[in-house]
Amino acid sequence: MKTRTIRLRSLSVEAAAVLLALLFLVPFYFLLANSVKPYADILLDASSLPKSLHWDNYKKAFDVMNFMRAFRNSLIITATSIVGLALFGSMAAYRMVRKPSMYNNLLFTLFVAAMVIPFQSIMIPLMKVGSWFHLVNSIPGIWLCYIGFGSSLTIFLYHGFVKSIPAEIEEAAVVDGCSPYGVFWRIVFPLLKPMTMTIIILNSLWIWNDFLLPQLMLGRPSLRTIPLSTFSFFGQYTKQWDLALAALVMGVLPIVVFFLFLQKHIIEGITAGSVKG
Amino acid sequence: MARKWLNAGWMQQIVFTGPATIAFAIIVLLPFVMGMYYSFTNWNGVADTASFVGFDNFRAALTDERFRQSFLFTVKLTAVAVVLTNVLAFLLALLLTQPIRMRGALRTVFFLPNVIGGLLLGFIWQFIFIKGFAAIGSATDWHLFKLPWLGDEQTSFWAIVIVTMWSGAGYLMVIYIAALINVPKELNEAAAIDGATAVQRLRHIVIPLIMPAVTICLFLALSWSFKAFDVILSLTKGGPFNSTESVALNIYTEAFQNNRYGLGTAKAFIFFLIVAAITTIQVRLTKRREVEA
């Protein structure tokens with residue numbers, strides 16, 4: 001009797017969860033189903049399943065938004081930025097933990113305090129700085145921007161993690177004749193791996209999807225990232241839903257695939273990152 | 001012997017902290033300080049000269065009707081979105097910590113919207129509100145789906161709330177799940193034996209114990225909504241009649257479309273003060289309510 005009510009209860013909980021999940025998936029249905037319909041069919045009934053698969057939309061959108069170029073730009077910017085952040089962030093955090101001088105403590109406080117600065121509140125003078133240092137319309141320029149903006153959270157997270165690593169291991173290596181840089185690179189950095197995963201994941205989701213900074217820094221069409229080329233596409237083809245939806249599917253596909261492959265790490269990374277943050 | 005200076009303390013300091021510090025100084029600190037200066041000038045962004053105008057920009061910002069409206073909108077959006085997204089996320093987390101099948105798959109589905117960037121998210125929902133809802137409306141004849149969702153001030157506010165919830169709930173859910181798993185089973189069981197109902201256990205045992213997660217989730221949702229930009233730009237462009245223009249969008253328009261950089265930086269500085277104040281107060285308040293298990 002008791003087990004039956006429990007089973008009934010968990011069955012209704014299950015049903016509620018599945019229903020909610022379906023509700024969450026409805027937007028994806030609309031997106032996918034309509035992306036393979038001819039324009040007239042979308043206008044006729046956006047909720048029906050496509051009668052046939054009209055791949056032409058994808059072909060056209062792929063060319064118009066220059067998808068491969070946008071994908072390559074996004075990939076280069078994201079990959080180089082996360083490598084830079086992981087490397088420079090871990091090095092800085094390591095030094096700040098192991099040499100807590102007054103200067104380093106002040107520096108750490110600055111990095112952490114800057115986390116409350118919203119991007120929009122410094123973007124205007126940033127454009128001026130960008131033109132001084134020739135950061136505009138250049139991939140190395142936007143790379144530097146991501147290192148600057150990302151270093152606060154990255155250093156904060158690494159700082160907490162380095163503290164949990166006993167210094168004795170390093171001392172042993174120094175006795176064995178290892179240089180300070182060797183100690184970091186061969187011993188400390190490998191030990192930071194779990195946090196490095198978290199940092200790579202948090203930063204790549206952010207940088208891949210970022211719109212405003214590239215919009216300001218990368219005006220040249222050949223440097224457009226996926227969000228930028230989607231945006232300019234929508235500017236040109238307002239209400240051309242057949243092409244627009246195909247472009248959107250291609251735009252979200254890379255990050256969705258990235259998520260599905262690495263979801264275990266991503267969810268762990270987010271939990272770890274937010275508990276500390 | 002060339003090695004000696006390479007291993008010196010000051011050299012190590014430069015090698016280890018130098019790259020991050022230089023990038024941070026150029027990209028964050030310098031613009032921040034410059035912004036404070038420019039907010040007291042009439043800089044137009046193009047000219048190299050900018051003359052000092054005292055508090056004029058701040059006065060202009062505070063009396064700017066459109067800025068005030070965007071501020072009110074942002075506060076309203078934040079208040080509604082923070083509460084609803086957290087309630088939804090907490091419910092999802094409760095569901096997914098029950099002994100049910102397909103938990104992994106369900107978690108994936110609820111989280112999925114979050115990996116899509118705000119700009120593309122807004123475009124996807126633009127289609128759903130315009131075409132998708134219309135199609136559902138003509139199929140079901142429900143009045144709710146026949147409304148001009150993005151054409152009306154009231155409904156476009158709720159449109160933005162819906163999109164915010166859809167994309168944010170999964171992220172917060174993950175944090176709530178991690179917290180709920182750590183609530184000791186014995187506490188709940190002991191309370192159940194003493195006759196506490198499920199709601200009482202939730203209120204007096206579970207929620208106090210997961211307060212750290214609540215702090216984090218409120219903090220995150222608060223800063224997302226307060227800085228809302230991408231989604232609004234692609235979903236409503238701030239319309240209709242600027243009714244859904246957020247503060248971030250207002251600053252952007254002021255500087256890069258109206259070319260009033262001085263006024264823009266003043267607004268941006270006010271924006272910074274408010275964001276910094278709210279997040280600090282919020283973290284303090286919720287931290288006070290945390291208890292140990």
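**Exercise 1.** Which domains does the domain assignment of chain A give?

*Solution.* The model is predicted, so local features need pLDDT of at least 70 and side-chain atom pairs count only at pLDDT 80 or more, while totals for chains, interfaces and linings use all residues. Residues are numbered from 1 along each chain as its sequence is written, and chains are lettered from A and ligands numbered from 1 in the order in which they are written.

Step 1. Chain A comprises domain 1 (2-57) and domain 2 (66-236), with bounds taken from an automatic or database domain assignment.
Step 2. The C-alpha centres of these two domains of chain A are 38 Å apart.
Step 3. For chain B, the division is into domain 1 (1-38) and domain 2 (55-288), whose C-alpha centres lie 36 Å apart.

**Exercise 2.** Describe how α4(A) packs on α10(A).

*Solution.* Helices are DSSP runs (H or I, at least four residues), numbered from the N terminus. Axes are lines fitted to C-alpha atoms over the stretch in contact, and angles run from 0 to 180 degrees between N-to-C directions.

Step 1. Helix α4 (residues 67-98) and helix α10 (residues 193-209) of chain A pack at about 145°, their axes 9 Å apart.
Step 2. The crossing of α4(A) and α10(A) is right-handed (the near helix is turned clockwise from the far one by less than a right angle).
Step 3. Residues in contact (C-beta atoms, placed from the backbone, within 7 Å) include A:S74, A:I77 and A:L85 of α4(A) and A:I199, A:N203 and A:W208 of α10(A).
Step 4. By class, this contact of α4(A) with α10(A) has eight nonpolar, eight polar and no charged residues (Ala, Val, Leu, Ile, Met, Phe, Trp, Tyr, Cys and Pro count as nonpolar, Asp, Glu, Lys and Arg as charged, and the others, Gly among them, as polar).

**Exercise 3.** What is the relative orientation of α4(B) and α13(B)?

*Solution.* Step 1. The two axes come within 8 Å and cross at roughly 150°.
Step 1. α4(B) and α13(B) are therefore roughly antiparallel, a term for angles over 145 degrees.
Step 2. B:R66, B:F67, B:S70, B:F71 and B:T74 of α4(B) meet B:V247, B:L249 and B:N250 of α13(B).

**Exercise 4.** How many residues of chain B are in contact with chain A?

*Solution.* Step 1. The contact joins 73 residues of chain B to 68 residues of chain A.
Step 1. The largest share of the chain B side, 19 residues, comes from α2(B).
Step 2. By class, that side has 55 nonpolar, 14 polar and four charged residues.

Conventions: Helices (H or I, at least four residues) and strands (E, at least two) are DSSP runs, numbered from the N terminus. Two residues are in contact if their C-beta atoms, placed from the backbone, lie within 7 Å. Angles under 35 degrees count as roughly parallel, over 145 as roughly antiparallel, 65 to 115 as roughly perpendicular and the rest as oblique.
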